[in-house]
Amino acid sequence: MGAHDHPQPQDADPAADGIGRRRFLGYVLAASTLTVAAELGEAALAPGRAAAVVPSAPGPAELYDLNDMLTHATLPTANLITVRVDTDGTASFALPRAEVGQGITTSSAMLVAEELDLPLDKVHVTLADARPELLFNQLTGGSNTTISTFTPIRVAAAVARGRLLQAAALELGEAADTLTAKLGVITSSLTGKSLTYGELAAKAAAVTTSQVSVTLKKSSEFKVIGTAQRRVDALEAVTGRKKFAMDVHVPGALPAMVCRPPTINGTVRTVDNLDEVRAMPGITDVVRISTGVAVRGRTFGQCIDAVRALKVAWGPGTVDDASDDTIRDELRGAELPLPALDLLTKSVDARFTFHFASNSALETNCAVADVREDSAEIWASLKSPITAQEQIALTLGLPASAVKVHVTQGGGSFGRKLFHDGAAEAAEISKATGKPVRLMWHRTDDFRQGRTHPMSTSRVRATYALGQVLTYDQRHTSVATDFGHGVGEIITSEAARLPVGDLTFSETIFTLTQQTPYNFGVVTQLLSETDKGFHTGSMRNIYSPNVRCAQELIVDELAKRMGKDPCQFRRTFLKDERARAVLDKAAEVGSWGRSMAAGTAQGIALHPEYHAYVAVLAEIDCRPRTTGRKVPDAYTGPRVTKVVCAVDAGLAVNPRGLEAQMMGGIMDGIAITLSSGLHLANGHFLEGSWDNYFYTRQWNTPPELEIVVMPPTTGRPGGAGELAVAGAMAAVACAYGRATGTMPTTFPINHAGPLGFEPLPTTPPIPASPTDGLSRAY
């Protein structure tokens, strides 16, 4: 597997080169060593569209999407993002985003290294603490980090380079245009004398803040951007030296865990044996909190023993009588109506059901908190740390300025760490005990009380006649998605410029993310929501995997009804040449249309989002099989045997990182199509750990996997973090439909079959053995 090599982009006009040769304003800040900032970021451009026989008007997401909104919200405070050059010749940059494995510390370091002409290993990127003055510039989500910081980081680094050249010119007594900067050294072309950035860092510093103007490099001059780089934290990760929240050393911070209710949002009525549990070995504290009963002890194993020993009488939760069937009925009852059907046209009409999916990252929810009488300090992986700071301060009764929130590296997120419930819970426990704590959720806590991707249905109807698709209508109905993590405030602040009218937060997000890449005449895609009793989140790609999967299955059915090849059918109706290019590349590399055995098939799908495009070709084997090892029935069913993914993310800052993003998204897409779903029964989820939540495993990944990174099509990055999930889900679903001869309508496909595991007990919801619990949780 690997990316196809591609040439560096050639110089072009300003539109083709993204930011062209425009000049940007930056600041030299008053500091002891050189410190610089950019003044503004760069808004994304709306994509173009091609004509067709029955063209579709561009939807709101094609004119102004979620990523544009997030980028615009960062502009007012982009000048607060700074790059510093130190006397040791290194550059430091505190990234106001969360690194959770997506590789943005690497791509951000590459931007600094490029414009500063500094070796990549001399750029140190850390994660910024919560900084309220950044407003909306410290929220990580929507595949927006590289897009919104691409220009500000480069401008700051370019300002620093210019300032260093000026300082060198004064020091050497030469004109600046006789000097060259390379790899952290400035050299005279006249005398050959040189000075390092470290030697110039103090001399280039300013005693007052001043505004300067810079011109960024042309894309043809790039030596770092666009090249495949290994991650800057790779060595620390593989040697175990990388620091996560649980690795933070805070004096006196002992392990803590929480005994949680058996049903979602259940409440504590009484605890019958508090004194008995407090006397258990190693236990220092047992306290009631808003979400259950917390224990603090010398080790996590002792905390597990104490949680299991607690005898708690629980009050009802918010969805105690809910099950998959009751939620499905509720969703169908809340569906918005489809338009009346024209009897002169033919139609494809289907309803799809998508079950709850776990938002559990590999790292369980955790945080360290030290709450004092007049202050608090929190350490956690947080994608919206300003919101966390404000809400935790409010809960503790402290001013926000008295609460320090440190953003740590995270072991995965997929939207989970937009929420700060772990940090808030740790703060509550620390306040109740009067002692610092190191809170970790058990794995089962994450599956049963953590964030989930909401269950939803999609009703779709497409009409066609005379070889053309005339209408496409989709009514997506979902359990409510929680956007109370900072994005809602951005929507409120940007309301005047949003092309969506007076919609709710969820409807706004849906409208700004959902689009169809096809000219299908009159297109409508609408969202309705129901039931707010669940803990939900905007899991990777938010609505797109389910919406896109339903649409691409309908596209396959339209092609079948109209006697067309599915790939050629898509190509005919595509709006955009970039979309057509990735579709052609995936079909070419994946040998679309090759002869395959009965029970096996290919599927192909396309997904546009955040000014980027992905096409995925998947091959599936639906024949009965055995694995040769003892595994759950879920892994003896259909298996994806090959995936080819062609991705156009505009300018790929780090093609190797883009490859990794696509691979991860493909694994997610395979999982939520075939095997990874939560079963809801009597107000709780039956799955309790990774051994019964059937995510794609290493041995169950496609033996053939190829990522094709397309040549740069724009001078700016597009969003890529979530891009492949929807494309892969749709491609696998289409392959399954072609292999079995029946279009799938329920996901994951194995959800309706035998459960395949014995559910863990609900009270308390953790394994019986402390040793077993540790092996499962950590």
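Which elements each supply at least two residues of the lining of the second largest pocket? In this predicted model, they are β5 (123-127) and α6 (234-238).

## The second largest pocket

Strand β5 gives the most to this lining, with five residues. The lining of the second largest pocket comprises 24 residues, and those nearest the centre are V125, V232, D233, E236 and Q409. The space in the second largest pocket is about 610 Å³.

In terms of class, nine residues of the lining of the second largest pocket are nonpolar, six are polar and nine are charged.

## Cavities

Rolling a probe the size of a water molecule over the atoms shows where empty space is left. The structure contains nine cavities of 30 Å³ or more, and the volume of the largest cavity is about 100 Å³. The largest cavity is lined by 13 residues, among which H355, A357, H453, N546 and I672 are the closest to its centre.

The lining of the largest cavity consists of eight nonpolar residues, four polar residues and one charged residue.

## Helices α3 and α4

Helix α3 (residues 104-116) packs with helix α4 (residues 145-172) at an angle of about 35 degrees, and their axes are 7 Å apart. The crossing of α3 and α4 is right-handed.

On the α3 side, the contact is formed by I104, S107, S108, L111, V112, E115 and L116. The residues that they meet in α4 include T145, T149, F150, I153, R154, A157, R161 and L164. By class, the contact of α3 with α4 has ten nonpolar, five polar and three charged residues.

## Helices α16 and α17

The angle between helix α16 (residues 566-573) and helix α17 (residues 577-589) is about 165 degrees, and their axes lie 10 Å apart. Because angles over 145 degrees count as roughly antiparallel, α16 is roughly antiparallel to α17. The two helices α16 and α17 form a left-handed crossing.

Three residues of the contact of α16 with α17 are nonpolar, none is polar and four are charged.

## Helices α18 and α19

Helix α18 (residues 655-674) and helix α19 (residues 723-740) have axes 7 Å apart and pack at an angle of about 45 degrees. That angle makes α18 oblique to α19. The crossing of α18 and α19 is right-handed.

The contact involves residues of α18 including M662, G665, I666, D668, G669 and I672, together with L723, A724, V725, A728, M729, V732 and A733 of α19. The contact of α18 with α19 divides by class into twelve nonpolar, three polar and one charged residues. Residue I672 of α18 belongs to this contact, and I672 is also one of the residues closest to the centre of the largest cavity.

## Backbone geometry

Most residues other than glycine have a negative phi, and most peptide bonds are trans. Where does the model depart from these patterns? The peptide bond that joins F747 and P748 is cis, with omega of about -5 degrees. P748 is located in the loop between β31 (746-747) and α20 (770-777).

L183 is not a glycine, yet its phi is positive, at about 55 degrees. L183 is found in the loop between β6 (179-182) and β7 (185-188).

Definitions and conventions: Residues numbered from 1 in each chain as written. Predicted model: local features only at pLDDT ≥ 70, side-chain atom pairs only at ≥ 80, totals over all residues. Heavy atoms only, no water. 1 Å grid on protein atoms, 1.4 Å probe; cavity = no way out; pocket = protein on both sides within 12 Å on 5 of 7 lines; lining within 4 Å. Points joined across faces, edges and corners; volume = space filled by probe spheres on them. Helix = DSSP H or I, 4+ residues; strand = E, 2+ residues; numbered from the N terminus. Nonpolar A, V, L, I, M, F, W, Y, C, P; charged D, E, K, R; others polar. Axes fitted to C-alpha atoms, helices over the stretch in contact; angles between N-to-C directions. Parallel < 35°, antiparallel > 145°, perpendicular 65-115°, else oblique. Left-handed = near helix turned anticlockwise from the far one by under 90°. Contact = heavy atoms within 4.5 Å.
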